[in-house]
Every structure is written in structure tokens, then in C-alpha cells.
Amino acid sequence: MSHSLPPEVLDLIVNHLRGEPATLKSCCIVSKSWIHRTREHLFAHVNFFAAHRRIEMWVEAFPDPTNSPAHHTRTLSIHYPQAIESVYADTICSFSSVVRLDVIAGQWDEETVSLVPLHGSFPALRSLHLTFVSLPDSEIFGLVCSLPLLEDLKFCSFGLGQRDRRWTAPSTSPKLTGSLNLNMEAEGFQFIARRLLDLPNGLHFTTIVVTWFSEQDAISTMDLVSRCSDTVQSLDIANSLSGTFHSVSV
Amino acid sequence: MTEFDLSGATKLRDVVFRSTRANVKWINEALHTIKSGNLQRISLELPRRSHFPIGDVIWEKVHREWADLDHLLVQFWASRSLRPKVMYGLRNQEEELRDHLAGLLPELTRRGIIDLVQSPR
């Protein structure tokens, strides 16, 4: 049947099924010529929740990273990256076409969370969403600065950042021309803002979305808006404070 | 003493202010300082009714802040033809919000120059 239809017609049919994974799975086993075009949709979004077992399963299913469907993936979610050991480095690197990465770096059972295995693994990445409890700044910004095409950043945290005494500002950084979203309790907001302001290639965000939990968050916002004054077009502020502010200028 | 200054953001087109408290002085200050000629949209997300103070003295202060905001937004409409948007979270909040708005932003409501929209955030 697949030989009786032109490939572009088959592509059109499969594209219409992109929201129907069960049908796509059935199509995937119709013939070899259907595998590639159905995998493009089946593996567009991959979630490694409770990552250790999921990555093991992925490696079992696709032992050869060069021949896996990972290159079809555009959105990758990794929950609990402590599961990503160096043995899986090749597997992570095989997701080379990912444009959006969601990482939830929670901390349970005193396991060490590390983003280092992710550094430099996503050359096409445009959007990074990072939710964490506590991470050293060198790990967060080591990841940010290893993503040359990064445009959008979203940080959520519920604890303090860990100041890394060995921290030195990186020599290069992405241009960051999209949106910045900061929703961080404790002193996390100021901590991240300070590091962003240190980035060598500056900040060029067009959209800034922030949630304030302290007056210092407001002051840090002004610093960020000031740094992006030539580019920022949209500003969205959620304010949980009851008071007013001392003079802060852009 | 309490100025929240956005005058340097010269390309600003869209501002959204969300407040979980009744105080809106910070919004008034920010709006006063906007110099961008590109501004196209002002959106507000209001605190819930239960977050408004009950005591007379505090209410008078908060009410004055809302009166200032009402006046300022009318000026934005008159000078820049900007219709402010007020966002609500749940669909069934719309009617409650309409009553709420008539008390908080009476002039905008009377002139019918305010839009209610569902919050995307």
C-alpha cells in the first residue's frame, strides 16, 4: 500500500494523526517506510519522569543512540536528573534536536542533584524551564551557557540557590532574546538575577514575567528591565507584597 | 520616596500588573513613569474581595489608591486610546468582578472603557 501512494501524501496523512498516539503506533508497524514518518510525531515529546527507570527502558529499547528516535524529539522533560549517570551521557546527547527542555530537579532522600550531565548536550535548545529546590549556581549557569541558541528561560524554585565560591563568570553566553520568567521564593530571585546580570553577552529579553515575594525582588526586576531596556516589550508582574517601594529607577 | 520607575523601558508595549493585596500604589507609580510611546495594552489582575481591608482607616487609604488608579487609567484612555483590561481566573468570577469593579474603578466602569478578559497565566 505504501508504494501505491506518493510519499508526500503519506506524510500528509500521518501529519493529520499527530495528536493520536494510539493510531500512530498502529501506523508505525504497517511497513518499514512508515516508521520514520510516524516516529517523528510519536517521539516529538519525551518525558523521563522518575528518570532512572525510564532512561534504562529507553536504552533497552534503543541500545544504539545513533539509530534511536531521539533525534525526532523537540520537547524533553526530565524529572529528577540525579538519575542521569554518566553511563547515559551518549543517550542524553542523542536528543540533539530538542528545542525545549523541562527539568525538575527535586531533592529527595539526600540524593545529589547534578545538572552537569546535561551540560552541552542540546545544541539546538531554545527554551529552558528549570524547577529546583537548591542547586549551585555553577551548575545552573554552566547549563545555560552551554546552550548557544537559548532564547527563553524560566526558573522556579522553592529554596535558596547555592552560592558556589569557585564561581567565575563564563566567557560566553547565549544572547537570550526571548522571555525570562522568574518565580522564586526565598532569596532565589535575587541570586538568579545577579548571575544573569553577570552574563558576558548581556540580556536581550523581549518579555519579562516575574513574581515578587520581597521588595528586593522588585529591585532586582528593575535591574533586569534596565539591562533589557532596548528590547523589553512586555512586562508581567505578580506582586505578593503589601507595601510600597523605595525609589527604584530603570 | 516610593517611585517605581519604568521610564527607561522605551520599547514597552504591554504591561500586566497582578496584585494579591489590595494596595495598588505600586501600580500607580509604575504607570506614572511609563514613557514608551509604543504602549498598547495595560492589564490588571485584581486581588480577591476577601483581601480587601475591613478597618475604616486602612480602607480609606486603599480606596484613595484605587481612586488614583481609576483617574490614571482614564487619562491613559483619553491620551492614548488605551482600554485597560481586567483579568479574572475562573469563568464564574466574571459577574462578581463586575460588581467589584464598579466600586473600585467607578469612572472607567461608568464610561464603559474597561474590558474583562480571562487570565491566560
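Biologist: In this predicted model, what covers the buried residues of H6(A)?

Modeller: The buried residues in question are A:Glu139, A:Ile140, A:Phe141, A:Leu143 and A:Val144. H6 of chain A spans 137-144. The cover over its buried residues includes strand S4 (127-132) and H7 of chain A.

Biologist: Is H7(A) itself largely enclosed or largely open, and why?

Modeller: A residue is buried if 20 or more other C-beta atoms lie within 10 Å of its own. A:Gly188, A:Phe189, A:Phe191, A:Ile192, A:Ala193, A:Arg195 and A:Leu196 are buried in H7(A). That is 7 of the 10 residues of the helix, so H7(A) is largely enclosed by the rest of the structure.

Biologist: Which elements of chain A do the buried residues of H7(A) pack against?

Modeller: Both helices and strands take part. The strands are S5 (152-157) and S6 (179-184). The helices are H6 (137-144) and H8 (215-227).

Biologist: Is A:Glu20 buried or exposed?

Modeller: A:Glu20 lies in the loop between helix H1 (7-16) and helix H2 (21-28) of chain A. A:Glu20 has 12, so the residue is exposed.

Biologist: How far apart are the C-alpha atoms of A:Glu20 and A:Leu10?

Modeller: Along the chain, A:Glu20 and A:Leu10 are 10 residues apart.

Biologist: In chain B, what handedness has the β-α-β unit made by S1(B), helix H1 and S2(B)?

Modeller: Strand S1 (residues 14-19) and strand S2 (residues 41-45) of chain B pair in the parallel sense over 5 bridges. One bridge links B:Asp14 with B:Arg41. With helix H1 (residues 25-33) of chain B, the two strands make a β-α-β unit that is right-handed.

Biologist: Which residue of S3(B) is the bridge partner of B:Leu44?

Modeller: S2(B) is joined by 3 bridges to strand S3 (residues 85-88) of chain B, and the two run parallel. The partner of B:Leu44 in S3(B) is B:Val86.

Biologist: What share of the residues in chain A is buried?

Modeller: Chain A has 8 helices and 8 strands. Of its 250 residues, the buried share is 34%.

Key
Residues are numbered from 1 along each chain as its sequence is written. Chains are lettered from A and ligands numbered from 1 in the order in which they are written. This is a predicted model: local features need pLDDT of at least 70, side-chain atom pairs count only at pLDDT 80 or more; totals for chains, interfaces and linings use all residues. Helices (H or I, at least four residues) and strands (E, at least two) are DSSP runs, numbered from the N terminus. Two residues are in contact if their C-beta atoms, placed from the backbone, lie within 7 Å. Two strands pair if DSSP finds at least two bridges between them. A crossover is right-handed if, with the strands pointing away from the viewer, the path from the first strand over the helix to the second runs clockwise.
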